[in-house]
Structure formats: structure tokens, C-alpha cells
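Here are my notes on the model, point by point. Please read them with the structure open.

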Amino acid sequence: MVPATTPPDRPCPAAVPEVVAHRLGLGQVPAFDIPAACSGFVYATAVANGLITSGGVDSFLIEASEIYSRIVDPTDRGTAVIFGDGTGAVVLRRGTTADQGALLAFALGGDGSGHHLFQVPGELEQPAGPSWFGMAVRTVRLQAVEQMALSASRVLKDCGWSPGMVDARPCWCRIGRWTPRRGAGTLTHG
């Protein structure tokens, strides 16, 4: 079991084995948290896929939760209207690439040079006072759209698919007025 939680209930020990695995009656199973914020679900999926592919487990429960109401300043219109609370879960199991819902490819990446663009100050950075989530909304949104488009293009290429073969509208199209240009595999602002 790999939950991806933001922020985690507590830093140590991880709440996952006690709160989730035990309460679900899963017994002694691998259980750890991946606190990777918005990308937590993708990273948890990659970790679960690796454990299944290596033969370490046959199936894996991924649960992603974000409880931003704890860390978002309700008076900050730049972040309060975007970030909220939510959760979702999926079970991955061993299978073949021919199975419906098979995980065919994924793209991971990160750029630590943008660390100052969004953060919740830790105790060492801000020992007293509220530790609100802060973000350079416009800059992060533009970079997220660009990087998600590149990731989507990479996954399509790895799967041998063209953009026209995908039915779902990507999530980043709901952010602002960004829309995919049909058949081009690139994004345009419309």
C-alpha cells in the first residue's frame, strides 16, 4: 500500500500502516507514504509498478489524499480558489499489456530549481506564526502546463500512440484557457 498524502498526518511514524492498512484489515503488508504533493499519485504509481514488475508483490493499493484546507490561507485568492481537499484510490495488479487498464508507460521528472515557486515553510524556515502554502500561481501554472504536455508526448511516444488516439481531455486543459491543438501534440493558448 502506497498512500501519497499532502500534508501527511504526521511526520513520524508514518500514519499509513496504523491508520490505513490496519483499519482496512490488510495485515502485515508493505505500507509507506510518498509526500510528493500534486505528483504523489504518479510517483506512487511508479513505485507500485516497480514492486509488481519485480515480483515483490502481486497487487498494490494506491491512495492519494490532499488536505490543503490545513495549509492554504483562506484569504489568499491566488491559492484558496485552486487548492482544496480530496482523495482517490486505485488497485494495481499484475497483468499483461493486453489487459484493459494496463499501465503501459509513465513519465517522471522534477526540477528542483523551482523550489522557491511553491512551498509550505518548515519550522527551520519559519519557526513562529502560520505556515501557509505559498505559490507563484501564474509561473507554476505555465510551467505545469508545459511539463505535463511534454510528459504526455513522451508517454504517447512510448506507447506508440498519436494524440488523436486519446479520447480523454487532459486535466491541464481545465487550468485557465489552455487547450490542446488537435493532432499536433502541442498546447496552444486559446
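1. First, a term. Two strands count as paired if DSSP finds at least two bridges between them. Keep in mind that the model is predicted.

2. The sheet. Three strands form an open sheet in the order S1-S2-S3, and the pairing is mixed. Strand S1 (2–6) and S3 are at the edges with a single partner strand each, so one side of each has no neighbour in the sheet. On average, neighbouring strands are turned by 10° against each other, direction ignored.

3. The parallel pair. S1 and S2 run parallel and are joined by five bridges. For a residue to look at, take Thr 5, which stands opposite Ser 65 in S2.

4. The antiparallel pair. Strand S2 (residues 59–67) pairs with S3 in the antiparallel sense, over nine bridges. Glu 63 has Ala 89 of S3 as its bridge partner. Glu 66 has Gly 86, also in S3.

5. The helix on the sheet. Which strands does H2 lie across? H2 lies across S1, S2 and S3. Against S2, H2 runs at about 165°.

6. Aromatic pairs. The count is three, with ring centres required to lie within 6.5 Å. Tyr 68 and Phe 83 form a pair of the tilted kind, 4.9 Å centre to centre and with 40° between the planes. Tyr 68 is in the loop between S2 and helix H3 (77–80), and Phe 83 is in the loop between H3 and S3, so this pair ties together parts that lie 15 residues apart in sequence.

7. The second largest pocket. Its volume is about 330 Å³. Of the 15 residues lining this pocket, Arg 93, Arg 94, Gly 95, Ala 102 and Leu 103 are the closest to its centre. Which elements give two or more residues to the lining? They are helix H2 (40–53) and strand S3 (85–93).

8. The residues that line the second largest pocket divide into seven polar, five nonpolar and three charged.

9. Reading the points together. S3 is a sheet edge, pairs with S2 and gives residues to the lining of the second largest pocket. H2 contributes to that lining and also lies across S3.

Conventions:
Residues numbered from 1 in each chain as written. Predicted model: local features only at pLDDT ≥ 70, side-chain atom pairs only at ≥ 80, totals over all residues. Heavy atoms only, no water. 1 Å grid on protein atoms, 1.4 Å probe; cavity = no way out; pocket = protein on both sides within 12 Å on 5 of 7 lines; lining within 4 Å. Points joined across faces, edges and corners; volume = space filled by probe spheres on them. Helix = DSSP H or I, 4+ residues; strand = E, 2+ residues; numbered from the N terminus. Nonpolar A, V, L, I, M, F, W, Y, C, P; charged D, E, K, R; others polar. Axes fitted to C-alpha atoms, helices over the stretch in contact; angles between N-to-C directions. Contact = heavy atoms within 4.5 Å. Phe/Tyr/Trp six-rings, centres within 6.5 Å; stacked < 30°, edge-to-face > 60°.
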